[in-house]
Amino acid sequence: MSITYSYKIKALQTKPSTINSSGDTISNSIICCWWQRKGIDQDNYVGIYNGVTSLHAHDTSTSDFINFSDVTESNVISWIKQKLTNEQQTKIDKDIENQINTMYIKEDLSNLPWS
């Protein structure tokens, strides 16, 4: 079975200011993100895993810090992936695969009464 996986960021929480390990003040840093990992197989059956990841800028230098207004979804997804261990990632993907194999929910975004 071939499954295509993707991430989507659902929400972010910020902190007005943080002091990094160098003693510099970093403003408006992301401290928490709510995300979703979705898997879709070749027949459009879908499985979804929702997660929450805490982030902190304590070990981020001011030169590496990305201002909240400049952060992309791709940035946040890469931070989530860095936080997840291989074991956690495998467990998430197995959960998604199990949903696809047992729940038989098709992704059909056109199946709305007002469409």
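View 1. Cys 33 is buried, its relative accessible area being 0%, where buried stands for under 20% relative accessible area, exposed for over 50% and partly exposed for values in between, with a 1.4 Å probe and protein chains only. Cys 32 also counts as buried, at 9% relative accessibility. The cysteine sulfur closest to that of Cys 33 belongs to Cys 32 and lies 6.3 Å away, which is too far for a bond. A search of the whole structure returns zero disulfides, a disulfide being a pair of cysteine sulfur atoms within 2.5 Å. The model is predicted, so that local features need pLDDT of at least 70 and side-chain atom pairs count only at pLDDT 80 or more, while totals for chains, interfaces and linings use all residues. Residues are numbered from 1 along each chain as its sequence is written, and side-chain values use heavy atoms, with hydrogens and water left out.

**View 2. The largest nonpolar core.** This core has 15 residues, and those with the most contacts inside it are Tyr 7, Ile 9, Cys 33, Trp 35, Val 76, Ile 80 and Leu 84; a nonpolar core is a set of buried Ala, Val, Leu, Ile, Met, Phe, Trp, Tyr and Cys residues joined through side-chain atoms within 4.5 Å. At least two residues of the core come from each of β1 (3-19), β2, α1 (73-83) and α2, helices (H or I, at least four residues) and strands (E, at least two) being DSSP runs numbered from the N terminus.

**View 3. Leu 84 and Gln 89.** With neighbours within four places in sequence left aside, Leu 84 is in contact (heavy atoms within 4.5 Å) with Tyr 7, Trp 35, Gln 89 and Ile 92. Gln 89, in helix α2 (residues 86-103), is buried at a relative accessible area of 18%, and, under the same exclusion of neighbours within four places, Gln 89 is in contact with Tyr 7, Arg 37 and Leu 84.

View 4. Ile 40 stands opposite Val 46 in β3. Four residues lie between the two strands of the hairpin, and Asn 44 in the turn has a positive phi of about 70 degrees.

**View 5. Gln 42 in the loop between β2 and β3**. Gln 42 counts as exposed at 53% relative accessibility, and its side chain reaches the backbone nitrogen of Ser 2 at 3.3 Å. The C-alpha atoms of Gln 42 and Ile 3 are separated by 6.8 Å, although these residues are 39 residues apart along the chain.

Methods: Two strands pair if DSSP finds at least two bridges between them. A polar contact is a pair of N or O atoms within 3.5 Å; within protein, one must be able to donate a hydrogen and the other to accept it, and residues adjacent in sequence count only if both atoms are side-chain atoms.
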